[in-house]
Each structure stands twice: as C-alpha cells, then as structure tokens.
Amino acid sequence: MDGMSRTDLDKAEAKDFALGKGPLRPRDAATLILLERQHGAVKVLMGRRHARHAFMPGKFVFPGGRTDPGDSFVPVAEDLHPDEQQNLLRRAGRTSPVRARAIALSAVRETYEEAGLLIGHKAPFKTPKPGWQGFAENGIAPSLEGLRYLVRAITPPGRVRRFDTRFLAAWRDAVAVELPGGGPTEELEELVWLPLDEAKQADIPTITRTVLGELEQRLAFDPLLRPGGAVPFYRMVRNRFIREIL
C-alpha cells in the first residue's frame, strides 16, 4: 500500500473539497473517461465545470455524477462484461449486481446529460426515466459492454460532499450519437479532447490527476483496455490516504 500523511492530503485537496462537519456517508457516483487514439497518442474527453457551481467551479473534469438507483431498470442493448461486473462487486459491501449495473448506467446517463454523447447502438428504445429521453428520441439503446472499470476513490471524511466514485473508461467508438448542442444540463461549459500529458497539466482536481496517472500505467501494458484489469482503490485509512488493488 502507498500512503501520504493527512497533512499532505489536506494541502492537496484543499482547493477541491470544502471542509464540513462530517463525517458523512459517501454516496455512490460514477465517472466516464472517454478515450480516443490519434496517431498513436491517446486523448481524453474533459469538460470545464460551470463557474456557477458550488462544487469545483471552473475545474476540468470527466462527465459524471451521483448514481440514481432507478438507472438499474433501464433496458440495455448489451450488459456489462462479466469480468467488469465482478470487479464492480469486489469489496463493495452490500453492492449487488443490480446496484453495480446502476452505477455503470449512471456513468452513461451523465455522459449524455453533461456532454451530449449517447453510448449504445441504434435500436428501438423506450423508458419512462426522464434522464434517458435523449436515447429514446434518437433511437439509441444504451450499451455497457464497452465500459472498463479503471479506478475507485472515496472522498476523505470531513468533506461537505462525499462520494464513492467508480471511474470507468470507454473508447470513443462506443458513442453512437454526438448531439451538436451538447448535453441538456449545461453543467460543462466547454468540452475538449486533450492528450494525456496536457490533461494532467490542466486545472483539474487532485484525484483526477491521480486517475490520469493510473490510466497511463494501464495503457502502457494493456493498450486495448481488456476486460477484468486490476482496479486501484483510493481511500482514507487511519488518517492516511492509501492505494490498494481491489
């Protein structure tokens, strides 16, 4: 396990998370890192959070947000690869296959809502869930088959907002439709495809920089991001921020 002191962590995270009365129980959340390979180099999709947001205003982030348990009931064209589902269940407490599916689907939904990108296949699709109407309107059935579980991170105790975030990744060819106007929530002011080196130098949260480093390491020995890869897990234990492998 790798670690840093609580003092070092607080310094690193001070600009990303406000200190609160805590501890609060972290909420499930999911983030999707879309990847594109151009001329041998990998780029990632990032968006700048709107300046009006109280949480990390102006920061470049990946599309993502809190998991809606109702997402688990949304029909899909293809489900998670079994190895990816197993990874999502590993050391996840009471998380069930249904909840793991909801976490993965929330990453797909948030990518549509924030970036206007619909991941799936052309096929008839209907659901009463309001966050999925863009898929229905464009005739796209969501697909989870191309998602890869990359990193898990839990916000340290004492923060106003705490999330148990699963960082997932997918290649750009998993996107069936790119809406020209972007996502309906307008949470991200601009969307850019950045080479990994440039992304790490952008104005990003500390954990985002850490995840980009993990992505680089994974791609170095697994350039195709095959299913079932090892998943690093970042969390606070006895006042130390540690890294473990799930």
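Does Arg-243 count as buried, partly exposed or exposed, and at what relative accessibility? In this predicted model, Arg-243 counts as partly exposed, at 22% relative accessibility, whereas its salt-bridge partner Glu-214 counts as buried at 7%.

The structure holds 17 salt bridges, including one in which the side chains of Glu-36 and Arg-172 meet at 2.9 Å, N to O. Because Glu-36 lies in strand S2 and Arg-172 in the loop between S9 and S10, this pair ties together parts that are 136 residues apart in sequence. Glu-36 is buried, with a relative accessible area of 16%, while Arg-172 is partly exposed at 25%. A further salt bridge joins Arg-226 to Asp-222, the latter being buried with a relative accessible area of 4%, and a network of salt bridges links Asp-28, Arg-99, Arg-152, Asp-164 and Arg-166.

The largest nonpolar core comprises 35 residues, of which Leu-32, Leu-34, Phe-135 and Leu-147 touch the most other members. Among the elements that each supply at least two residues of this core are strand S2 (27–38), helix H3 (97–115) and strand S9 (163–171), with H3 providing the largest share, eight residues. Apart from this core lies another, of 25 residues, among them Ile-33, Val-42, Ala-153 and Phe-241. Beyond residues up to four places away in sequence, Phe-135 touches Val-108, Tyr-112, Leu-118, Ile-119, Phe-125, Ile-140 and Pro-142.

Note on methods: Residues numbered from 1 in each chain as written. Predicted model: local features only at pLDDT ≥ 70, side-chain atom pairs only at ≥ 80, totals over all residues. Heavy atoms only, no water. Core = buried A, V, L, I, M, F, W, Y, C linked by side-chain atoms within 4.5 Å. Buried < 20%, exposed > 50% of the residue type's maximum accessible area, 1.4 Å probe, protein only. Helix = DSSP H or I, 4+ residues; strand = E, 2+ residues; numbered from the N terminus. Contact = heavy atoms within 4.5 Å. Salt bridge = Lys/Arg side-chain N within 4 Å of Asp/Glu carboxyl O.
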